[in-house]
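The sequence and coordinates are shown first, and the description follows.

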Amino acid sequence: MTLAAPTSAEALAVLPPGDLAARGVHVTKVYGQGNARVVALDMITLGIPKGAYTAVMGPSGSGKSTLMHCLAGLDSVTSGEVYIGDVALGRLSDKRLTRLRRDRVGFVFQMFNLVPTLTAAENITLPLDIAGVKPDRAWLDTVIDTIGLRDRLRHRPAELSGGQQQRVACARALATRPDIIFADEPTGNLDSRSSAEVLSFLRRSVREMGQTVVMVTHDPVAAGYADLVIFLNDGRIAGQLAEPTAQRVLDWLGQSAPADAAASDPPEPAPGRSAAGDSKGKTAGQ
Ligand SMILES: Nc1ncnc2c1ncn2[C@@H]1O[C@H](COP(=O)(O)OP(=O)(O)OP(=O)(O)O)[C@@H](O)[C@H]1O
Ligand SMILES: [Mg+2]
């Protein structure tokens, strides 16, 4: 498939659903009532391309975590619909939703969330053990080789660096071979060297293992690892950038003045940038 890289937030709806790992259609999420009412997501329509690395950026409070939780089925939407693949989450019973999350979604948190009493290896296979599923050894070997921690598998989290712990958490998210991995500021607690380890691993999981990753980040350098950046502002999509680099992300952020970021379009993609049969330049759509 060949797609011209869209140039505005309105052009997000370009990919057919079959090319999307997840999508939200007119998703609104409201917290609280009366004076405490907060519209965290305001009629967002977007898609997460399969086999691509998508970054989500935006100011604090712009709705990034809420979007991740809603797309992952960890939280319900107030109105609109979320799909994982072609399954509409709003129509699932709690039991089916739990099973879908377990089988098809991986989540990586800022605080690693490893079980301290288990070794790295045991942490990685925990989701499979809980599900009572026999590990796919070949897949696990690939994951473990890709995180580069084979010699640390018997260590407990406290004996690993932050970057190593987060790589174990990423491997745990990958263990079930999910359709999509959501990572909410996975490098938020890491120094730049450990961040690079984790970001490289996530990118390899996309490029070499065909995974789909969506990552929230505040860091233009981290966003530069992705294939696509989606910018949020005030619960809405403010724009997007295909084939980002740290500099292009900074330029975009600089050009979208804080007061009216939601109204401005991102700059034109670099000349000749389009998706031709790979994830590059593919973008979100309903
Ligand atoms: N459980 C909740 N109850 C009430 N309001 C909430 C709740 N969770 C989030 N919010 C509000 O919704 C809005 C979006 O929050 P969200 O956590 O999605 O932002 P974010 O973009 O992830 O911010 P950050 O970069 O600080 O993590 C904020 O105004 C926040 O205060
Ligand atoms: Mg957040």
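## The four-stranded sheet

Ile84 has Val87, a residue of strand 6, as its bridge partner. Strand 5, residues 79-84, is joined to strand 6 by two bridges, and the two strands run antiparallel. Both belong to an open sheet of four strands in the order 3-2-5-6, with antiparallel pairing. Strand 3 and strand 6 (87-88) stand at the edges with a single partner strand each, so one side of each has no neighbour in the sheet.

Helix 1 packs on this sheet and touches strand 2 (20-31), strand 3 and strand 5. The direction of helix 1 makes about 120° with that of strand 2.

## Helix 1

How much of helix 1 is buried? The helix is mostly covered, with six of its eight residues buried. These are Lys64, Thr66, Leu67, Met68, Cys70 and Leu71. Just after the helix, Gly73 adopts a positive phi of about 75°.

## The ligand shell

Which residues lie around ligand 1? The shell consists of Tyr31, Gly32, Val38, Ala40, Gly58, Ser60, Gly61, Ser62, Gly63, Lys64, Ser65 and Thr66. Two elements give two or more residues to it, namely strand 3 (38-49) and helix 1 (64-71). The largest share, three residues, comes from helix 1.

By class, the shell around ligand 1 has eight polar, three nonpolar and one charged residues. Lys64 and Thr66 are part of this shell, and both are also among the buried residues of helix 1.

Ala55 stands opposite Met215, which lies in strand 9.

## The chain as a whole

The secondary structure of the chain comprises eight helices and twelve strands. Of its 286 residues, 45% are buried. Among contacts with a separation of 6 or more, 73% are between residues 24 or more positions apart.

## Model confidence

The structure is a predicted model. Its pLDDT averages 85 over the chain, and 84% of the residues score at least 70.

Where does pLDDT stay under 50? One such stretch is residues 1-14, for which the model has 41 contacts beyond four places in sequence. Another is residues 259-286, with 83 contacts beyond four places in sequence in the model.

Methods. Residues numbered from 1 in each chain as written. Chains lettered and ligands numbered in written order. Predicted model: local features only at pLDDT ≥ 70, side-chain atom pairs only at ≥ 80, totals over all residues. Near = placed C-beta within 6 Å. Nonpolar A, V, L, I, M, F, W, Y, C, P; charged D, E, K, R; others polar. pLDDT = per-residue confidence, 0-100. Contact = placed C-beta atoms within 7 Å. Buried ≥ 20, exposed ≤ 12 C-beta atoms within 10 Å, placed from the backbone. Pairing = 2+ DSSP bridges. Axes fitted to C-alpha atoms, helices over the stretch in contact; angles between N-to-C directions.
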